Amino acid sequence: MFKGLFDFKNQKLHFNMTIIIPVIGFIILGLIVLSSTSNLNDISSTFYKQMSWIFLGSIFFIIMQYVRVQFLYDYSYIFYILLILLIFSTIFAPIIGGSKSWFVFGSMYFQPSEFGKILYVLCMSRFFIDNRNNKNISSYLIFILVLLFIPILLILKQPDLGTSMVYISIILPMLFWSGLKVKNIFLLIAPIVSIIATYDIVFFYFWMAIFLIILVISRNKIYVSIINFIINVLCGILSPYIWFELLKPHQRSRIETFLDPLSDPLGSGYQLIQSIISIGSGGFWGKGWGEGTQTHLKFLPVRDTDFVISVMSEELGFISIFALIIMLSIFIYWCLIYSCKIDNKYASIVLIGFSTVLFMHMIINMSVVSGLLPVTGLPAPFISYGGSFLLTCSIMLGLINNIVNNYI
Amino acid sequence: MQINYSKKILHKRILLIFYFILCAIVLYNYFSLQIMQNEKFNQKAGNNSIRKIILNAPRGIIYDRNKLPLVDNKPLYDLKLIPHDITDGFNYSLFNEIVNIDSTAIDSIINLNKEAGASFKPIIIKRYIDFNLKSILEEYKLDFKGIYFSELPARTYISDCYLTHVLGYLRQIDEKNYNKTLYKADDIIGFSGIEKYYENYLRGDYGVDYYLVDRLGIIQGKYESDLSISPLQGDSIILSIDSELQSFVENSLDNYSGSIIIMNPDNGQILSLASNPDYDLKSFIGPIPINQWKSLINNPKKPFTNRAIQETYPPGSIFKLLLSAIALEHNIIATQKTYVCSGIYNFHNTSFRCWKKEGHGEIDLSNAIKESCNIYFYNLMQNIDFNQWAEESEKLGFNKKTHIDLPNEQIGNIPNRKYMNETYKDRGGWSKGHLLNFSIGQGEISVTPIQVIQLINLIANEGKTYYPHLNLFERNQSYIANYKNNVWKFIKNAMYAAVNHNGGTAYKAKVNKKNVKVYGKTGTAQVCSNCDDKPHAWFSGFVEYGNNQKLSICILIENGGKGSNIPADMSKKIFEYILKDV
């Protein structure tokens with residue numbers, strides 16, 4: 001089955017520095033922070049563990065240079081089935097931290113939806129490419145919704161909101177890149193806006209007016225417009241009904257604290273509040289390596305994994321955040337430049353997919369720890385401590401490097 | 001293909017802008033938190049982890065004139081807790097076992113201060129923890145997260161003498177009424193005596209320390225900060241008191257109510273100041289048991305009163321010195337002027353008696369002082385204008401403060417015409433008969449022992465003395481009554497005769513030593529007419545010895561009977577003790 005996966009003859013090992021250097025920057029920043037939070041005299045501390053994961057990740061990166069992208073294209077739909085099975089398997093997983101998303105092998109934790117991101121990008125890319133000239137937009141959009149949201153709903157059920165957020169966030173750039181018209185993307189996201197708009201009735205009417213105008217301007221078939229309009233109105237009418245009638249008060253308050261953790265400062269909001277204090281107290285230059293009071297006096301309970309950026313902000317200051325954003329911009333800039341240059345439609349869209357996954361991970365993580373988005377467990381690529389995630393990122397980076405080398 | 005490619009570039013640009021906007025939003029959020037709101041979050045982080053602890057300064061030490069410490073500091077502690085740091089892990093039952101404070105008391109303190117937004121401020125839950133108890137609590141540090149200790153200025157009394165009324169005691173500041181720039185609500189301050197009078201010297205300055213605590217409230221170490229201040233011990237004070245002499249004087253006074261003052265007339269230094277009954281300052285370290293406090297407050301003998309300066313008495317015959325001085329100064333009589341004392345003196349319808357029933361016969365002023373003849377002074381008083389007498393009395397130091405460096409000095413009373421008019425307005429007016437009483441220090445006159453000794457000081461130094469003071473380095477401030485020199489000399493001679501010549505009322509005070517001359521005057525002050533209470537007994541005088549050195553003394557024994565007995569005898573013993581090496 002795996003015959004033809006590797007091509008050691010034509011594909012050479014070559015590092016594209018425009019992409020690699022920002023990532024090395026991420027890794028170095030991560031190691032600086034981890035060396036501050038962990039005991040350097042203890043060989044089993046997170047710092048040394050992370051070092052060995054980085055070593056393992058480098059091997060995976062190198063292996064990825066010899067993978068044939070054409071093979072990945074060929075097997076894309078099988079990957080989809082594999083993805084569903086992989087995520088579905090988590091219903092047998094133990095409950096860890098309130099969700100069933102991890103498998104435990106000895107001291108190793110494995111998160112299927114983590115590796116699933118790779119498969120997801122690979123199969124979605126092919127699906128978008130194959131249907132890019134589909135004339136029947138309505139059925140195509142419905143098909144996309146069904147296909148996309150099966151894995152997303154499964155992940156939400158675990159529940160792992162952060163990962164599902166990543167899954168959703170990469171759809172739009174990929175669809176856009178595959179050539180889907182903006183008006184169709186608009187139709188795709190309109191129901192979500194409708195649900196949010198019901199928060200304020202005036203705003204909802206306002207939104208509906210805009211929605212109607214856009215429907216008219218975009219000159220869809222008349223029944224498509226009507227169906228879309230009905231769907232959106234239903235979303236608007238049903239969501240308050242669901243919110244106030246179907247949900248029990250304790251479920252409502254759970255969602256409310258999730259959306260506004262600061263309302264529960266000693267419970268679910270504690271970590272976030274302490275994280276924001278850590279970030280805010282860092283200032284421009286930070287408190288210095290190993291000097292973070294929030295971190296080292298254990299006010300910040302979670303430090304090495306999802307909230308590593310808070311520690312970084314506290315100890316290394318805004319200047320490190322600035323550097324991080326610059327490196328992230330360089331990374332995404334070059335990835336976009338390269339995917340623009342690639343003629344192979346599949347390779348191009350896979351490149352967009354992977355770079356968006358890495359980019360969105362970083363953005364969502366940074367937004368979560370600074371309170372812009374609700375708290376979800378989502379690590380920062382190459383910076384947070386965590387084995388399976390680092391390997392996933394290494395594979396994606398490896399495939400990006402592979403495509404850039406072989407398709408330009 | 002060309003069109004397709006340019007379309008791709010457009011897509012790339014749109015995506016790039018989209019991504020950069022996301023980056024900018026995130027970056028702006030961090031900028032807002034880290035730069036714009038940095039101060040606010042710094043403070044929050046500080047509140048999280050830094051605890052400010054006030055360090056009380058040790059008070060200054062009080063020494064006697066020979067640099068022997070009278071009062072020292074002994075660390076006592078306040079047990080405090082920081083409400084924010086008290087968690088479920090707090091071992092209430094063990095805490096109750098050790099310090100006898102149960103969980104409801106702690107919880108109520110915590111709840112009270114949580115709402116006030118003061119949960120990071122240490123709250124006192126028990127005062128006056130000693131070092132042993134503190135060590136025990138510190139052993140169980142992990143069971144009692146969030147407790148702190150702070151040192152208290154507590155005293156230890158290491159001298160043999162009590163000096164109760166001079167030293168005074170410390171107490172918690174009045175919570176409602178205090179100087180907020182200098183003190184905190186729970187400060188311990190000097191409440192009486194030297195501790196109160198020299199509070200500003202003795203107090204010292206607070207220190208401030210910062211500690212790092214972790215999330216569980218356990219101290220992780222000191223936080224080195226420029227804002228830390230070490231406490232500054234208060235200034236020491238050297239008293240003019242001689243603690244050995246003070247012990248002797250206190251022992252002499254032990255069985256009586258009254259007071260003894262010993263002073264140096266040449267500089268105003270007080271060598272000894274005793275007032276009995278007193279109380280043990282040692283029992284005032286830390287909390288005073290309420291029943292002990294009540295028994296002291298309600299004691300009819302008023303142990304809190306410093307009888308030397310805060311209680312007033314009729315001066316009795318001591319005041320004959322004053323009248324003599326005034327009469328001589330203003331040439332009202334000649335020194336040789338005699339009156340006849342028959343033991344009884346009839347004035348209008350009233351009979352006044354001399355203490356000697358058979359009378360002194362014909363007697364001159366000098367002998368009248370020596371033998372304390374009342375009749376002579378009844379006669380003399382009638383030759384003086386009443387107001388002049390009152391004014392001159394004030395000139396000689398009565399009816400006003402002596403400015404001793406102790407709080408709450410009383411001034412007593414010297415009546416004058418106005419006073420008498422007001423007092424007797426509703427009682428049918430007053431007559432010259434009242435004035436006769438004033439001549440022998442009875443009636444509405446009241447004085448403090450410190451005023452009396454100042455009169456003696458004036459006599460001893462022939463018109464010049466100093467404000468009495470206990471602080472050895474207090475500037476000597478002179479007090480002058482510029483009477484003629486021969487006035488003072490005359491009175492001195494009479495006082496010498498009273499002590500050293502046969503028939504003198506103060507004969508018991510005579511000290512048989514070469515080069516030692518004791519001068520004195522007794523007083524026997526009636527407390528009331530027609531009652532069985534014994535009169536107050538006075539002796540006041542001075543001694544000259546060595547190279548023109550002087551010491552003055554004033555002894556008052558409440559209800560001590562005749563001044564010629566107990567106080568005169570006491571004075572002799574005290575002078576003999578002082579002059580044992582002369």
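How many residues does the contact take from chain A and from chain B? I looked this up first: 34 residues come from chain A and 32 residues from chain B, with two residues in contact if their C-beta atoms, placed from the backbone, lie within 7 Å.

A note on what I am reading: this is a predicted model, where local features need pLDDT of at least 70, side-chain atom pairs count only at pLDDT 80 or more, and totals for chains, interfaces and linings use all residues. Residues are numbered from 1 along each chain as its sequence is written, and chains are lettered from A and ligands numbered from 1 in the order in which they are written.

Next, the side of chain A that touches chain B. I found that H15(A) gives the largest share, 12 residues (helices are DSSP runs of H or I, at least four residues, numbered from the N terminus). By class I noted 22 nonpolar, 11 polar and one charged residues on that side (nonpolar: Ala, Val, Leu, Ile, Met, Phe, Trp, Tyr, Cys and Pro; charged: Asp, Glu, Lys and Arg; polar: the others, Gly among them).

Then I turned to a helix pair. The axes of H4 (residues 76-88) and H6 (residues 137-157) of chain A come within 10 Å and cross at roughly 10 degrees (axes are lines fitted to C-alpha atoms over the stretch in contact, and angles run from 0 to 180 degrees between N-to-C directions). H4(A) is therefore roughly parallel to H6(A), the word for angles under 35 degrees. On H4(A) the contact uses A:Leu83, A:Ile84, A:Ile87 and A:Phe88, and H6(A) brings A:Ile150, A:Pro151, A:Leu154 and A:Ile155. I count these as eight nonpolar, no polar and no charged.

Technical notes
Helix = DSSP H or I, 4+ residues; strand = E, 2+ residues; numbered from the N terminus. Parallel < 35°, antiparallel > 145°, perpendicular 65-115°, else oblique.
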